[in-house]
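Reader: I would like to learn how to read a structure of this kind. Please take one feature after another.

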Amino acid sequence: MDGLYLIIFFIFGCFLGGFYTVLGNRLATEDYHFFPYRCDHCRHLLSFLESVPLFSYWFLKGRCKCCHKKIDIMEPLMEFFTGILFAVSFYSFGFSYDLLIALGIVSMLIIITVSDLNYLIIPDEVLIFFILYFIIVQFLSAGIVEVFFHILTGTFLFLLMYFIMWVGEKALKKESLGGGDVKMMFLFGLVLDPLLGTIAVFLGSLFALPMSFFLLYKNHEKVIPFGPFLLIAFTFLYFTKVTPDAIVSWLTFS
Ligand SMILES: [Zn+2]
């Protein structure tokens with residue numbers, strides 16, 4: 001029966017992925033009209049068939065039916081990735097509180113990747129929503145003591161990132177990190193423990209390096225959207241279920 005659930009999670013994820021793309025773009029531009037879906041160019045109202053994930057892109061040949069403007073390729077890609085990651089979440093965690101956390105992480109990853117890549121913005125609404133979401137899930141699954149532990153961890157990671165941003169600004173004499181990246185670290189602490197959260201920061205920086213060099217080489221003024229890289233590291237660490245002990249023993253070759 002697991003196969004059927006995987007398919008259901010994939011389809012559900014594809015539909016949500018389409019919504020997340022709209023949400024990421026609209027929140028970043030402070031446009032609060034999410035439903036019903038409209039074309040970004042001519043505001044043409046999309047019919048149900050035109051909003052079915054993946055198929056609509058294929059069936060419309062990548063163009064709006066009304067104004068024939070190209071649909072951003074990011075839309076079907078994000079729908080597909082969300083579907084895959086939802087299925088992987090179910091495959092890895094089954095029906096559990098960990099699954100609720102995994103789906104939250106994936107949702108945050110998609111929404112923030114869209115808004116940060118397109119507009120270099122991590123909307124506060126998204127951060128606040130997921131702070132509440134993770135606190136509620138942690139409370140239901142592990143109780144109030146665990147929630148306090150995670151709030152402390154989040155505060156620690158927030159301060160750590162703030163310190164990195166401060167050092168970066170002094171060293172580069174310009175804004176190196178966005179405020180959104182710093183605020184987002186509080187969220188990482190609501191899920192990970194202090195060591196894993198710190199590793200997420202360094203792993204994210206490592207993932208961002210190739211793109212930073214590419215952008216610096218192409219355009220000196222360009223700011224790097226750091227959020228998606230941090231989130232990829234965060235997702236990776238959560239899904240691989242790696243423990244701090246395993247990392248310490250790996251680092252010390254014991
Ligand atoms: Zn159009």
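Reader: In which helix of the protein chain is confidence lowest, and in which is it highest?

Author: This is a predicted model, in which local features need pLDDT of at least 70, side-chain atom pairs count only at pLDDT 80 or more, and totals for chains, interfaces and linings use all residues. Residues are numbered from 1 along each chain as its sequence is written. pLDDT is the predictor's confidence in each residue, from 0 to 100. Where pLDDT is low, the predicted coordinates should not be read in detail. In the protein chain, confidence is lowest in α11, with a mean of 78, and highest in α6, at 96. The average pLDDT over the protein chain is 89, and 97% of the residues score at least 70.

Reader: How many helices and strands are there in the protein chain?

Author: Helices (H or I, at least four residues) and strands (E, at least two) are DSSP runs, numbered from the N terminus. The protein chain has eleven helices and zero strands. Its pattern along the sequence is therefore α-α-α-α-α-α-α-α-α-α-α. The radius of gyration is 19 Å, close to the 18 Å that the globule rule gives for 254 residues, so the protein chain is as compact as a globular protein of that length. That radius is taken over C-alpha atoms, and the globule rule is 2.2 Å times the number of residues to the power 0.38. Along the principal axes, the C-alpha atoms fill a box of roughly 60 × 55 × 35 Å.

Reader: Which domains does the assignment give?

Author: Domain bounds come from an automatic or database domain assignment. Here the assignment gives domain 1 (1-95) and domain 2 (124-254). Their C-alpha centres lie 26 Å apart.

Reader: What share of the residues in the protein chain is buried?

Author: A residue is buried if 20 or more other C-beta atoms lie within 10 Å of its own, exposed if 12 or fewer, and partly exposed in between, with C-beta atoms placed from the backbone. Of the 254 residues in the protein chain, 33% are buried. In α11, which has eight residues, the number buried is zero, so this helix lies largely in the open.

Reader: Which residues of α6 are buried?

Author: In α6 the buried residues are V126, F130, F134, V137 and Q138. They cover an arc of only 100° around the axis, which puts them on the same side of α6. The arc is that of the directions from the helix axis to the C-beta atoms. D124, E125, I128, L132, I136 and L140 are exposed on the other side of α6. The buried residues pack against α1 (2-28), α5, α7 (144-172) and α8 (179-189).

Reader: What span does α6 reach from its first C-alpha to its last?

Author: The expected span of a helix is 1.5 Å times one less than its number of residues. With 19 residues, α6 reaches 27 Å, close to the 27 Å expected.

Reader: How should I read contacts, and which residues does P76 touch?

Author: Two residues are in contact if their C-beta atoms, placed from the backbone, lie within 7 Å. P76, in helix α4 (residues 74-93), touches L54 and Y57, not counting residues up to four places away in sequence. P76 and Y57 are 19 residues apart along the chain, and their C-alpha atoms are separated by 6.7 Å. P76 counts as buried, with 21 C-beta neighbours inside 10 Å. S51, in helix α2 (residues 48-51), counts as partly exposed with 17 such neighbours. Leaving aside neighbours within four places in sequence, S51 is in contact with G18, Y37, L46 and S56. Among contacts in the protein chain between residues at least 6 apart in sequence, 70% join residues at least 24 apart.

Reader: Where is L120, which has a positive phi although it is not a glycine?

Author: Most residues other than glycine have a negative phi. L120, with a phi of about 55°, is in the loop between α5 (97-119) and α6 (124-142). L120 is partly exposed, with 16 other C-beta atoms within 10 Å. K241 also has a positive phi, of about 50°, and its place is in the loop between α10 (227-239) and α11 (244-251). K241 counts as exposed, with 10 C-beta neighbours inside 10 Å. Just after α11, F253 takes a positive phi of about 55°.
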